[in-house]
Amino acid sequence: MIQIFGTLKNFDVKTAQRWFSERRIPFQFVDLKEKEMSRGEFDSVVDALSREMGSRSDAIEELIDKKSKDYASIAYLDDSDKADKLFENQLKLLKQPVCRNGKQLASAGLAQKKWEGWK
């Protein structure tokens with residue numbers, strides 16, 4: 001089952017929900033304002049992105065919303081500190097939507113090309 005993590009007010013989250021709905025692909029929406037990702041969910045997203053991108057630090061960078069007003073609080077941290085800071089401040093720092101298809105596939109932001117292979 002595909003999970004979409006984000007907030008209801010985020011335009012890209014709404015676009016992702018519409019994209020999956022139009023293709024009749026079932027998904028579960030998780031509102032980060034109500035329930036943030038567990039450590040296990042967060043780590044599985046990072047691991048899935050790491051496999052695709054080649055390194056854990058690239059995966060963490062992919063997940064960070066560089067347009068966030070709080071970006072400066074994470075921009076110059078060490079890689080291991082970035083992961084912890086990102087996990088602790090998901091609502092403020094995560095690029096939305098974060099989509100997860102099981103434990104093997106994940107995306108951050110709008111990634112329709114990547115989602116085309118998901119079922």
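**Note on the predicted model**

1. Serine 38 sits in the loop between strand 2 (27-31) and helix 2. Helices here are DSSP runs of H or I with at least four residues, strands are E runs of at least two, and both are numbered from the N terminus. The model is predicted, so to speak of local features pLDDT must be at least 70, side-chain atom pairs count only at pLDDT 80 or more, and totals for chains, interfaces and linings use all residues. Residues are numbered from 1 along each chain as its sequence is written, and side-chain values use heavy atoms, with hydrogens and water left out.

2. Serine 38 is partly exposed, at 35% relative accessibility. The scale is this: buried is under 20% relative accessible area, exposed is over 50%, and partly exposed is in between (1.4 Å probe, protein chains only). Serine 38 and phenylalanine 87 are 49 residues apart in sequence, yet 8.7 Å apart in space, C-alpha to C-alpha.

3. The arc is taken from the directions from the helix axis to the C-beta atoms. Contact here means heavy atoms within 4.5 Å.

4. Glutamate 88 also belongs to helix 5. Glutamate 88 is exposed, with a relative accessible area of 55%.

5. Helix 3 has Ala59, Ile60 and Leu63 as its buried residues. They line one face of the helix, since they fall within an arc of 100° seen down the axis of helix 3. The cover over these residues includes helix 2, helix 5, helix 6, strand 3 and strand 4 (105-108).

6. Next, the aromatic residues. The whole structure holds 6 aromatic pairs. The rings of phenylalanine 20 and phenylalanine 27 have centres 6.2 Å apart and planes at 45°, so this pair is tilted. Rings of Phe, Tyr and Trp (its six-membered ring) pair if their centres lie within 6.5 Å; planes under 30 degrees apart are stacked, over 60 edge-to-face, and the rest tilted. Phenylalanine 20 is buried, at 0% relative accessible area. Phenylalanine 27 is partly exposed, at 23%. Trp19, Phe20, Phe27, Trp115 and Trp118 form one aromatic cluster.

7. Two backbone points deserve a look. The peptide bond from glutamine 96 to proline 97 is cis, with omega near -5°. Proline 97 is in the loop between helix 6 and strand 3 (98-101). Arginine 24 is a residue other than glycine with a positive phi, near 55°. Arginine 24 lies in the loop between helix 1 (11-22) and strand 2, and is exposed, with a relative accessible area of 74%.

8. Last, the largest pocket. It holds about 190 Å³ of space. Its lining includes Asn10, Asp12, Lys66, Leu94 and Gln96. A pocket is an open set of points on a 1 Å grid over the protein atoms alone, where a 1.4 Å probe fits, with protein on both sides within 12 Å along at least five of seven lines; lining residues have an atom within 4 Å of a point. Grid points are joined across faces, edges and corners, and the volume is the space filled by probe spheres set on the points.
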